[in-house]
Amino acid sequence: MPLNRSWGHGQVLASLFLIGALFTTPPMSVQAASQTLVDDGTGGMTRAVNRMVGGIVSYARWPDAAPPGGRVMCLVGTPRLSERMAPDLPGPGAVIVRRMTAAAVTPECDILFLGRMPVADRRQLIAWVRGRPILTITDDDAACIYGAMFCLNSRAASLSFSVNLDAIGRGPLRIDPRVLRIGRGEGGAS
């Protein structure tokens, strides 16, 4: 059953619910959550994407301490869902966004956000990330078939994400299983 919340003056009505259940599609396991948004203002999807990405980042644990300036998110390709990427963390900390080409990605990237790009570049980046403490998020592969850890998707006024459990299990990052609370609106992105 949807839980309705209203966020004041912007008249943003969000109905949050967990789609839930573990889907198994060889060779990966994907779990999905959804956040439905109704926003009468422009930029509603951008705000929702930045809240959701910030919530996802807040549930990731890197093997090293956060740098004093914050985690670095390398943005490769063209995001489909947001004109402006600026993750909104629900607590302390910051995310610095740097746009770059696939060839320019370095280990200083803590988060790799993959927008629209050639499939060959996406596959090469996902292969390069394996075994490194880099969180991968995309908005151009809703089914997570190319191997990102988190895959955002939008339909009508709905923003959802899938979690690729196999991709998460291959690296040194630890993702708190409560990340699915983002989809229910309990902590994380609110």
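**Reading burial, ring pairs, a cavity and contacts**

User: Phe-161 counts as buried at 1% relative accessibility. Which cut-offs define buried, partly exposed and exposed?

Analyst: Buried means under 20% relative accessible area, exposed means over 50%, and partly exposed lies in between, with a 1.4 Å probe and protein chains only. This is a predicted model, in which local features need pLDDT of at least 70 and side-chain atom pairs count only at pLDDT 80 or more, whereas totals for chains, interfaces and linings use all residues. Residues are numbered from 1 along each chain as its sequence is written, and side-chain values use heavy atoms, with hydrogens and water left out. Of the 190 residues in the chain, 48% are buried.

User: How many helices and strands does the chain have?

Analyst: Helices (H or I, at least four residues) and strands (E, at least two) are DSSP runs, numbered from the N terminus. The chain holds 4 helices and 12 strands.

User: How many aromatic pairs are there, and why is the pair of Phe-150 and Phe-161 placed in its class?

Analyst: A pair of aromatic rings is described by the distance of the centres and the angle of the planes. Rings of Phe, Tyr and Trp (its six-membered ring) pair if their centres lie within 6.5 Å; planes under 30 degrees apart are stacked, over 60 edge-to-face, and the rest tilted. This rule gives 1 aromatic pair. The centres of Phe-150 and Phe-161 are 6.2 Å apart and their planes meet at 50 degrees, so the pair is tilted. Phe-150 belongs to strand β10 (residues 150-155) and Phe-161 to strand β11 (residues 158-164), so that the pair links distant parts of the chain, 11 residues apart.

User: What volume does the largest cavity have, and which residues line it?

Analyst: On a 1 Å grid over the protein atoms alone, a cavity is a set of points where a 1.4 Å probe fits but cannot get out, and lining residues have an atom within 4 Å of a point. The count is 1 cavity of 30 Å³ or more, and the largest cavity has a volume of about 80 Å³, taken as the space filled by probe spheres set on the points, which are joined across faces, edges and corners. Its lining includes Ile-126, Arg-132, Thr-136, Met-149 and Arg-170. By class, that lining has 4 nonpolar, 4 polar and 3 charged residues.

User: What does Leu-173 touch?

Analyst: Contact means heavy atoms within 4.5 Å. Leu-173 sits in the loop between α3 (165-169) and β12 (174-175) and is buried at 1% relative accessibility. Not counting residues up to four places away in sequence, Leu-173 touches residues including Trp-62, Pro-133, Met-149 and Ile-168. In strand β7 (residues 95-100), Met-100 is in contact with Cys-74, Leu-75 and Val-105, among others, leaving aside neighbours within four places. For the chain, residues 24 or more positions apart account for 61% of the contacts with a separation of 6 or more.

User: Which value does phi of Cys-144 take?

Analyst: Most residues other than glycine have a negative phi. Phi of Cys-144 is near 60 degrees, a positive value. Cys-144 lies in the loop between β9 (135-138) and β10 and is buried, with a relative accessible area of 0%.

Notes. 1 Å grid on protein atoms, 1.4 Å probe; cavity = no way out; pocket = protein on both sides within 12 Å on 5 of 7 lines; lining within 4 Å. Nonpolar A, V, L, I, M, F, W, Y, C, P; charged D, E, K, R; others polar.
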